[in-house]
Amino acid sequence: MNWYKKAYKYGIENKKDIKTLVENLKISISKMFNLSLPETEKKLIKIHEERINAVPDLIKYPELKGMQERIIEENRGIMDSVSLTYGEIAILRNYRYITNIVSPGPIYKGNDCTLVYFADSSDGPIIGNNIDDWKERIWQRIPKEPLIVKKNLKFWWGNVSAGIFYDEIPPEKFPLENRIFEVMEEHCENLKAAVEFLIRYKFFWGGQNAMIIEKKTKEGVIIEKSSCRYGIRKMENGTLYTTAMSFADPKMKEYLAGRRMERIIKKGEKWNESIEAEYWDGCDKRYENLARLVKEKSKNPSLKSIIEILQNHSPFPDCICLHGQGRTNIELDHTNYTIASIITLPMRKKQIIWTCSEKKFACQSEPVWREIVEK
Ligand SMILES: [Zn+2]
């Protein structure tokens, strides 16, 4: 496989989006570190080189043989096709590591925030997904038409962010991030093997909640993950569900609560007066409501019932569809919107998408059907 050529082609096809993303990241990271733009690039180059040279023990992680060369070649391909500096590629490759942001899932793109799965509905297996974000970011979050996915995939997977303050620092820092799911797809044959693999590689990914489904059996799990810990939730009545910034596994829940309390103490705030704590409590309430809704709708699973879950408007903070309630960024006064609801019918190779605009919430817009093309 010529990794340089492949990445070069990807860079040419996505030049404008990658350029814009890098420009935005540069500004937000320089603000985060309180550094000038050149200083920011310098800092990220240092982080990048430390990580790329931290090649893990290949006896313990044999699936990573050749991965360092592959990443270096891919970076060169992107740099050359998009005309990025070395500092800019370092920003692009490491911003998730430094900001703990999770990327959208690589298969049915746009996975973030809320995920619901019905294995056996009157419309076949269905995956529902809400993308919640600031309105400004809509341009970078909506999958392209047609959605091109790899042929003969063994798994469907997606993820939502977990956002844990003061999380433990894992002993591995090699830059795998969400490439972990591609490596899983390459090396694992069934769900059992995939779960074992993701646990063996636990120091390379998280915090995020991941949904992994084996295409052949339609069986799946949710793995709730911090940088070093995990909890596994199995299917219940043929359903899986998860949402952002919250855990349902009791041990993970307890861990998260401790991390959050530490944040509040360090900021010198009181829990019941903290805007952040209000937001986190809301995420936990959304998870509880999601569990209730999924249980209720699993009695009669269908396309219609999954729409009703994604567009649920219980009073805030329980609501699944968000209309700008709840502040996610205190400094910038950003609020959260469900900028898109996406339902995937993988066996029919189709997606339905509701997208928000300046005038309408996503749930008020006309849905658009999209093709999924396997290549
Ligand atoms: Zn709505």
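In helix α9, the residues W280, G282, C283, R286, Y287, L290, L293, V294 and K297 are buried, a residue being called buried if 20 or more other C-beta atoms, placed from the backbone, lie within 10 Å of its own, exposed if 12 or fewer do, and partly exposed in between. The model is a predicted one, in which local features need pLDDT of at least 70 and side-chain atom pairs count only at pLDDT 80 or more, while totals for chains, interfaces and linings use all residues. Residues are numbered from 1 along each chain as its sequence is written. Helix α9 spans residues 275-297, and helices (H or I, at least four residues) and strands (E, at least two) are taken as DSSP runs numbered from the N terminus. With its 23 residues, α9 reaches 33 Å from its first C-alpha to its last, close to the 33 Å expected, where the expected span is 1.5 Å times one less than the number of residues.

A contact between two helices is found between α1 (residues 3-13) and α4 (residues 67-82), whose axes come within 7 Å and cross at roughly 35°; axes are lines fitted to C-alpha atoms, for helices over the stretch in contact, and angles run from 0 to 180 degrees between N-to-C directions. The contact involves residues of α1 including W3, Y4 and I12, and residues of α4 including R70, I78 and V82, with two residues in contact if their C-beta atoms, placed from the backbone, lie within 7 Å.

Four strands form an open sheet in the order β4-β5-β6-β7, with antiparallel pairing, and two strands are said to pair if DSSP finds at least two bridges between them. The edge strands, each pairing on one side only, are β4 (155-161) and β7 (230-234), and the twist averages 20° from one strand to the next. Seven bridges join β4 to the antiparallel strand β5 (residues 208-214), and W156 has I213 in β5 as its bridge partner. Five bridges join β6 (residues 220-225) to β7, again in antiparallel fashion, and K225 has Y230 in β7 as its bridge partner. Strands β6 and β7 form a hairpin with four residues between them.

Residue L147 lies in strand β3 (residues 147-149), and L147 is buried because 21 other C-beta atoms lie within 10 Å. The C-alpha atoms of L147 and Q351 are separated by 8.8 Å, although these residues are 204 residues apart along the chain.
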